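Open the model in your viewer and keep the selection panel at hand. This tour goes stop by stop, with something to select at each one.

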Amino acid sequence: MYKKQMTVQRILCVGMLIVCAVIFLYSLGIMTDLYDALYNTIRNPEKLEKTTVTGSRIYYDMQGFNRDFLHASIGMLLLCVVLFLTNTHSRRKYYIGNYTAVALVTAGGVGFAAWAHQQIEMYKAQFLQINFEELAANAAKKKSLYTDSTFWFDVHYAVFGLLLLGIALLIANVIWKCVLMKEEKALIKQGKGAVA
């Protein structure tokens, strides 16, 4: 049973690292369409109200969030590396370092997902306030991208859903590990009792 459990824990740790890498890539791409569609609508970055498209200031409003989102995604990647530094992916028995690593990934991931969801939904609502008729006219005139798609906002449900699923599986793995360790201790105790 330990072999199966250790295979699963290795897969989970690698999977968490992959999910965090996907979140990092998402943080790099979340503003791609906004840049292509809205950057040239702002006449003067010092006066964001002066724009050819009502509501296009979201491109500048999101800059701080995008920077923080990128930093947080790097932080999550580093937290997942802690799983490997503590040998959580390959250790037969877990010690305090392994439980701490899982707890850090859990707390960091849940907090990150909650914060990012709230921010992304807020900016999605702001994006939907754009005057898309003006944006379409601007795109035709300047031969730039026109989009009214909320894809880059909506995909966070899938990305962070994977993160939360991975966290739930990590916790289930720890419970499974604890049960196996308890059973092993009981078997060792029974064996010692039979020898005595």
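Is Arg 67 buried, partly exposed or exposed? Select Arg 67 and look: with 48% relative accessibility, Arg 67 counts as partly exposed. Keep in mind throughout that this is a predicted model.

**The whole chain**

Zoom out. Color by secondary structure. The protein chain has eight helices and zero strands. Read from the N terminus, the elements run α-α-α-α-α-α-α-α.

Now turn the model around. Along its principal axes, the C-alpha trace spans about 90 × 25 × 20 Å. The radius of gyration is 24 Å, while a compact globule of 196 residues would have one near 16 Å. Color by accessibility next. Of the 196 residues, 37% count as buried. Then think about contacts between residues at least 6 apart in sequence: 79% of them join residues at least 24 apart.

**Salt bridges**

How many salt bridges are there? The count comes to five. Side chains of opposite charge can pair when their charged atoms come close.

Asp 68 is partly exposed, at 34% relative accessibility.

Next, select Arg 57 and Asp 61. They form a salt bridge too, and here the closest N and O atoms are 3.1 Å apart. Arg 57 is partly exposed, with a relative accessible area of 32%. Asp 61 is also partly exposed, at 26%.

Now select Arg 92 and Glu 184. Their side chains meet in a salt bridge, 2.8 Å from N to O. This pair links distant parts of the chain, 92 residues apart. Arg 92 lies in the loop between helix H4 (63–85) and helix H5 (96–127). Glu 184 lies in helix H8 (residues 156–195). Arg 92 has 40% and is partly exposed.

Arg 92, Lys 93 and Glu 184 are linked in a network of salt bridges.

**A charge over a ring**

Select Lys 177 and Tyr 94. Lys 177 lies over the face of Tyr 94, at 4.9 Å from the ring centre.

**A residue in the loop**

Select Thr 88. Thr 88 sits in the loop between H4 and H5. Thr 88 has 0% relative accessibility, so it counts as buried. What is Thr 88 in contact with, leaving aside its neighbours within four places in sequence? Show Gln 9, Cys 13, Leu 83, Tyr 94, Asn 98, Ala 101 and Val 102: Thr 88 is in contact with these residues.

**The cysteines**

Stay with Cys 13, one of those contacts of Thr 88. A disulfide is a covalent bond between the sulfur atoms of two cysteines. How many disulfides does the model hold? The count is zero. Cys 13 is in none, and its nearest cysteine sulfur, that of Cys 80, is 8.4 Å away. With 1% relative accessibility, Cys 13 counts as buried.

Move to Cys 178. Cys 178 is partly exposed, at 33% relative accessibility.

**Aromatic rings**

For the last stop, show Phe, Tyr and Trp side chains. The structure holds 17 aromatic pairs. A pair of aromatic rings is described by the distance of the centres and the angle of the planes.

Pick out Tyr 26 and Phe 69. Their ring centres are 5.7 Å apart and their planes stand at 85°, so the pair is edge-to-face. Tyr 26 belongs to helix H1 (residues 2–29) and Phe 69 to helix H4, so this pair links distant parts of the chain, 43 residues apart. Both Tyr 26 and Phe 69 are buried.

Now widen the selection around that pair.

Definitions and conventions
Residues are numbered from 1 along each chain as its sequence is written. This is a predicted model: local features need pLDDT of at least 70, side-chain atom pairs count only at pLDDT 80 or more; totals for chains, interfaces and linings use all residues. Side-chain values use heavy atoms; hydrogens and water are left out. A salt bridge is a side-chain nitrogen of Lys or Arg within 4 Å of a carboxyl oxygen of Asp or Glu. Buried means under 20% relative accessible area, exposed over 50%, partly exposed in between (1.4 Å probe, protein chains only). Helices (H or I, at least four residues) and strands (E, at least two) are DSSP runs, numbered from the N terminus. A disulfide is a pair of cysteine sulfur atoms within 2.5 Å. Rings of Phe, Tyr and Trp (its six-membered ring) pair if their centres lie within 6.5 Å; planes under 30 degrees apart count as stacked, over 60 as edge-to-face and the rest as tilted. A charge sits over a ring if NZ of Lys or CZ of Arg is within 6 Å of the ring centre and within 35 degrees of the ring normal. Contact means heavy atoms within 4.5 Å. The radius of gyration is taken over C-alpha atoms; the globule rule is 2.2 Å times the number of residues to the power 0.38.
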